[in-house]
Amino acid sequence: MTKAAPLTRDAYRVFQRLPTRWRDNDAYGHMNNAVFYEYVDTAVNAWIIRSETLIVPHGPVIGLVVASECRFHAALGFPDPVDAGLRVARIGRSSVRYEVGLFRGDATDAAAEAGFTHVYVDAQTRRPVPLPKDFTTALQTLECAAPK
């Protein structure tokens with residue numbers, strides 16, 4: 001079985017630089033796998049907040065994570081910053097599949113590639129609701145076809 005080559009920066013629509021912290025490193029001197037997911041969650045939710053299309057965290061519609069996965073290609077860790085690239089792979093009626101590439105600083109190849117699916121629900125009933133129109137419009141700016 002051959003390992004797929006990491007995606008490059010051009011596969012993503014927007015980037016956010018995130019500082020690493022001393023505590024992100026584990027006993028082996030690199031970032032713990034669970035911390036990768038923290039960066040993915042931060043990248044997605046920071047973009048949602050910046051889009052100003054949903055009220056986070058106390059709005060009437062909230063996103064719940066129903067699936068996530070991560071493919072690791074290279075180590076990350078303090079003190080190197082992480083660039084999180086974001087794109088949208090699929091927009092459904094009430095769900096969105098985000099894809100996030102984590103890059104060591106200005107590196108060309110992703111150190112990790114993550115998939116992250118939110119289902120948007122009514123904040124009170126927790127039942128799925130259609131995506132708000134202005135949110136869908138903002139998401140469309142991040143849509144891109146899966147790389148070959």
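Modeller: What follows is a set of questions and answers about a predicted model, each setting a value against the rule for a word.

Colleague: Why is Tyr12 called buried?

Modeller: The word buried is kept for residues under 20% relative accessible area, and Tyr12 has a relative accessible area of 6%, so Tyr12 counts as buried.

Colleague: What makes Phe15 partly exposed?

Modeller: Partly exposed is the class between buried, under 20%, and exposed, over 50%, and because Phe15 has 34% relative accessibility, Phe15 belongs in that class.

Colleague: How do you know that Tyr12 and Phe15 form an aromatic pair, and why is the pair edge-to-face?

Modeller: A pair of aromatic rings is described by the distance of the centres and the angle of the planes. Rings pair if their centres lie within 6.5 Å, and planes over 60 degrees apart count as edge-to-face.

Colleague: What makes the rings of Tyr12 and Phe103 an edge-to-face pair?

Modeller: The centres of the rings of Tyr12 and Phe103 are 5.9 Å apart and their planes stand at 85 degrees, so this pair is edge-to-face by the rule that asks for over 60 degrees. The pair links distant parts of the chain, because Tyr12 is in the segment before β1 (14–18) while Phe103 is in strand β4, 91 residues apart. Both Tyr12 and Phe103 are buried, and ring pairs link Tyr12, Phe15 and Phe103 into a cluster. By the rule for pairs, the count comes to six aromatic pairs.

Colleague: How do you know that the buried residues of helix α2 line one face of the helix?

Modeller: The buried residues of α2, which covers residues 133–140, are Phe135, Thr136, Ala138 and Leu139. Seen down the axis of α2, these buried residues fall within an arc of 160 degrees, so they line one face of the helix. An α-helix has 3.6 residues a turn, so residues three or four places apart point the same way. The buried residues of α2 pack against α1, β3 (82–91), β4 (95–104) and β5.

Colleague: Why is Ala114 called buried, and which residues does Ala114 contact?

Modeller: Ala114, which lies in strand β5, has a relative accessible area of 7%, and because that is under 20%, Ala114 is buried. Leaving aside neighbours within four places in sequence, Ala114 is in contact with Val40, Glu69, Cys70, Tyr98, Glu99 and Val100.

Colleague: What makes Thr117 buried?

Modeller: Thr117, also found in strand β5, has a relative accessible area of 16%, which is under 20%, so Thr117 is buried too. Not counting residues up to four places away in sequence, Thr117 touches Leu64, Val65, Val66, Ala67, Val96 and Arg97.

Colleague: Why is Glu52 called exposed, whereas Arg126 is called partly exposed?

Modeller: Exposed means over 50%, and Glu52 has a relative accessible area of 70%, so Glu52 is exposed. Arg126 is at 46% relative accessibility, which lies between 20% and 50%, and therefore Arg126 counts as partly exposed. Each has a positive phi although neither is a glycine, near 55 degrees for Glu52 and about 65 degrees for Arg126. Glu52 lies in the loop between α1 and β2, and Arg126 in the loop between β5 and α2.

Colleague: Which residues does a cis peptide bond join?

Modeller: A cis peptide bond joins Val56 and Pro57, with omega about 10 degrees, and another joins Phe78 and Pro79, with omega about 15 degrees. Pro57 lies in the loop between α1 and β2, and Pro79 in the loop between β2 and β3.

Colleague: How many residues of each class does the lining of the second largest pocket have?

Modeller: The lining of this pocket, whose volume is about 160 Å³, has eight nonpolar, three polar and no charged residues. Among the lining residues are Ile48, Val56, Pro57 and Tyr120, and the largest share, three residues, comes from β2.

Terms used. Residues numbered from 1 in each chain as written. Predicted model: local features only at pLDDT ≥ 70, side-chain atom pairs only at ≥ 80, totals over all residues. Heavy atoms only, no water. 1 Å grid on protein atoms, 1.4 Å probe; cavity = no way out; pocket = protein on both sides within 12 Å on 5 of 7 lines; lining within 4 Å. Points joined across faces, edges and corners; volume = space filled by probe spheres on them. Helix = DSSP H or I, 4+ residues; strand = E, 2+ residues; numbered from the N terminus. Nonpolar A, V, L, I, M, F, W, Y, C, P; charged D, E, K, R; others polar. Buried < 20%, exposed > 50% of the residue type's maximum accessible area, 1.4 Å probe, protein only. Arc of directions from axis to C-beta. Contact = heavy atoms within 4.5 Å. Phe/Tyr/Trp six-rings, centres within 6.5 Å; stacked < 30°, edge-to-face > 60°.
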